[in-house]
Amino acid sequence: MSRFTSSSTILRHLGWAVVAALAAGVVILFVDPYPDYQLAEVALFGIAAAGLTVLTGFNGQLSLGHGALMAIGAYTTALLLRQSPTVAVPLVMLASVAAAGLASVVVGAAAARLRGPYLAGATLALAVGLPGVAIRFSKVFGGDQGISVPPIETPSFLGADFPPERWLALVSMVALLLAFVFLANLTRSRFGRDFRAVRDDEIAAALAGIRVAGNQVSAFVVSGCCAGLAGSLLAFWAGLTAPSGLGLPLSLQVLAAVVIGGLGSLAGAVWGAVAVVYLPQLSSSLTEALHLPGVVKDNLPLALYGAAFVVTMLAFPQGIQGGLRLLYRKLWIAIPSRRDI
Amino acid sequence: MHQFLVLTTQGITSGMVYAALALALVLIWRSTRIVNFAQGAMAMFTTYIALWVIQTSGSYWLGFVVALASGLVAGAVVERLIIRRIASGPPLNPVIASLGILLFLEAVVPMIFGGQIRGFPPALSFFGFKVAGVDMPFSPFDLFTFAGVLATMALLYALFRFTGLGLQLRAAAFAPEVARLLGVRVGRMLTIGWALASMVGALAGVLVAPVTLLAPNSFDSVLVFAFTAAVLGGLDSPLGALIGGLSLGLALSYIGGYMSSDLETVGALLILIVLLMVRPQGFFAGTSHRRV
Amino acid sequence: MLEVTGLSVSYGAVRALQGVSLSLGDHGVTTVLGANGAGKTTLLRTISGLLRPDAGSVRCDGADLTTVSVEDIARLGIIQVPEGGGVIKEMTVEDNLRLGHLWRRDAADMRRALAEVNEIFPALHPRRYQLALSLSGGERQMLAIGRALMARPRWLLLDEPSLGLAPRLVTEIMKLVRRLSTERNLAVLLVEQNARIALSIADDAVLLSSGQVVSSGPASSMTEDESVWHAYLGY
């Protein structure tokens, strides 16, 4: 990697990661188990959203199939653990990443010739269609009920009282930070510049010697691996891998995180993940306070996502991160805006 | 043999529905170069409204007409309030906006009408004809679907081909800047285009709901099928939408009948992927280029 | 009366027109000359409302057009034939022509206008059901002008009608333009690079360079003193 990125950039990213790790660690250790559970959810959505940001924001390919790739990661984790429950968790996660990565090679290669709405439509079909496979081959995939997934075992040195949610949150945060360091270095490297060059002008990029198809498949694979990791964490988080919730709605949730956070930045992916996780929480408190019926409580978050998509496109095409940057720029006019795209 | 005939007529019936929704997608693509991923959800919304009218008034045909009318209104509102402002920016934005509309409708509809799956009455009887004591493989409903979609397509064709309004609509789609320079109100034409497309989508909705049943996300797979049909025929070609819809309807009917019904969506997915890899412009794409 | 006063137009940071003024009466031909990039097309696009000026104004019979929509400017009788003609290739010849008149919703007048245009361009009538795609360059230019005439313009803006056409055809079209401006209630603003032929039919001439007017006045004086436009047009 250092051949493509300066070693000072890598060190800088690692430095930030250490700081963030310490801060996150402190928070996780001192809050109650339920907030830890939510932080774990933020982390996994952050990983998925960061991957999608690279694919859509940096490389310009809109994929609606991220939910399907996460499903592949989740089912890999569930199946492996059902098969041999004693396999080390890092290995299980690695296998999930590999499975999703492999699927992304296939999807990416098929998608390399597609642009714009054709790509979106094809990946939409993938997201809608894949759960059907799990139902069809229910003997293997557990059908509608799915496969249950045991929680990650807390290491014995932490004592028997250490809540499993807290351990899950710590593991997820570490995964998030590792993913982020990798992605941040990647986007600053030659690969990252090539991604953006292809997004901005394919023909010019090809003329400059960039192998466009290979570039696009790589972006798919990178984002797919992130989806696989996120899917694995999701399996642990939910304790269950079942077709419902792993299809189109999940794809749209991850897309929501990317759009709300800001299509062009990794940091925005985290904001988006925070929004996606806490919005249902807020909206269900709201519906309870207003004594609205249960069907409203279930659907309000989705309605808000939908509205957020539309409003964001109308008012803030750059999402939260872009909005913050604009605010930043307005408040401190002298400070030049950071060009990270 | 009988099964083959039944699968064929079922394939034609569902194919006509996919063709109608595909036509809606094609109309919008031709006029604004956007794929309206919310088209299925919008059709779902108008179908729920129709059901409410049918249940409160007792009249199927009133509900039918209201469905089409609300389709017109819905399309016009979406174009005017949302799409108009986004179409000129990055091409990704209208896609995201249409997904937002999809999410919003699929969430708001259960809030208003409740989330349980409902039945929807067919326009005419589902039961097959009996001619001279022999069971026909098709029903009045099948005939109505076939005739209804075909008649709508014929009317739209006549509108576009033979009327002044149609000429303006075509000009607004092919060459909006030139049209404006000749005094055509292009914005209004785009709104009308979306309204008509959405009305066709609403028609597809009331025709397919008796079969798929009505739930907030029951038209998701129909949208995928319609998109596949539209791509099959070429996103620019209304005739392609018809032929693509029929072909897909037949193909899926045979897959579902002779293999397994769970595989229908997967089948459509495979067809779509193979198609996009082999001939992304579809089989009937014309020479139309987008110009200003 | 169509008046352009102190018009300044930018594309982002690039200033394309700076303080341009000219005026058109109800008759006659005014030609705007200039090399590539001088700002001629920008001028026409701004008059038609496709671009909005940073400063200055375009007035039609005294009314300011700066906030008027493109369609409404056309409906006032200011009709532009863009560079290349702008003929809609996917539509037939007759559909292209009818498009020019449609907004009036007057079927009888449409028939009259069609008859007039068919008289002026007899080559079009036998091809009326052919797609415009199948016409040659010269025929397309004639179709474009015919379509503009269907709109019953008071001011006709022509953007380089000679571009890519054979010299004999260019002469024909220019003579036609001259004839139209004298026979009808029509003023023509002719943007051209081909200075010689443009000046031969024009009453007044304006010379643009880098977005500014460097010379304006009767066409005859510019014809007499060729050095002026030689310097700016490079020939």
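pLDDT is the predictor's confidence in each residue, on a scale from 0 to 100. This structure is a predicted model, in which local features need pLDDT of at least 70 and side-chain atom pairs count only at pLDDT 80 or more, while totals for chains, interfaces and linings use all residues. Residues are numbered from 1 along each chain as its sequence is written, and chains are lettered from A, with ligands numbered from 1, in the order in which they are written.

**Confidence in chain A**

The average pLDDT of chain A is 80, and 90% of its residues score at least 70. Helices and strands are DSSP runs numbered from the N terminus (helices: H or I, at least four residues; strands: E, at least two). Confidence in chain A is highest in helix α3 (residues 66-83), at a mean of 91, and lowest in helix α14 (residues 319-331), at 59. Over residues 333-341 of chain A, pLDDT stays under 50. Two residues are in contact if their C-beta atoms, placed from the backbone, lie within 7 Å. For residues 333-341 of chain A, the model has five contacts beyond four places in sequence.

**Contacts between chains**

Two pairs of chains touch, and the most contacts are between chains A and B. Here 36 residues of chain A are in contact with 44 residues of chain B. Elements that give two or more residues to the chain A side are α5 (116-136), α11 (248-261) and α13 (294-315) of chain A. Of these, α5(A) gives the most, with 15 residues. Residues are classed as nonpolar (Ala, Val, Leu, Ile, Met, Phe, Trp, Tyr, Cys and Pro), charged (Asp, Glu, Lys and Arg) or polar (the others, Gly among them). By these classes, the side of chain A that touches chain B has 28 nonpolar, six polar and two charged residues.

The contact between chains C and B takes 19 residues from chain C and 16 residues from chain B. On the chain C side, α2 (70-75) and α3 (93-101) of chain C each supply at least two residues. That side divides into ten nonpolar, four polar and five charged residues. No contact joins chain A and chain C, and their closest C-alpha atoms lie 19 Å apart.

**Two helix pairs**

Axes are lines fitted to C-alpha atoms, for helices over the stretch in contact, and angles run from 0 to 180 degrees between N-to-C directions.

| Helix pair | Angle | Distance between axes |
|---|---|---|
| α9(B) and α11(B) | about 30° | 10 Å |
| α8(A) and α10(A) | about 110° | 10 Å |

Angles under 35 degrees count as roughly parallel, over 145 as roughly antiparallel, 65 to 115 as roughly perpendicular and the rest as oblique. Therefore α9(B) and α11(B) are roughly parallel to each other, whereas α8(A) and α10(A) are roughly perpendicular. The contact of α9(B) with α11(B) has nine nonpolar, three polar and no charged residues. In the other pair, A:Phe191, A:Asp194, A:Phe195 and A:Val198 of α8(A) meet A:Val212, A:Asn215, A:Gln216, A:Ser218 and A:Ala219 of α10(A). These residues divide into five nonpolar, three polar and one charged.

**The sheet of chain C**

Two strands pair if DSSP finds at least two bridges between them. Chain C holds an open sheet of four strands in the order β2-β1-β4-β5, with antiparallel pairing. The edge strands, β2 (14-24) and β5 (63-64), each pair on one side only. Strands β1 (residues 2-11) and β4 (residues 55-60) of chain C run antiparallel and are joined by five bridges. C:Glu3 stands opposite C:Arg59 in β4(C).
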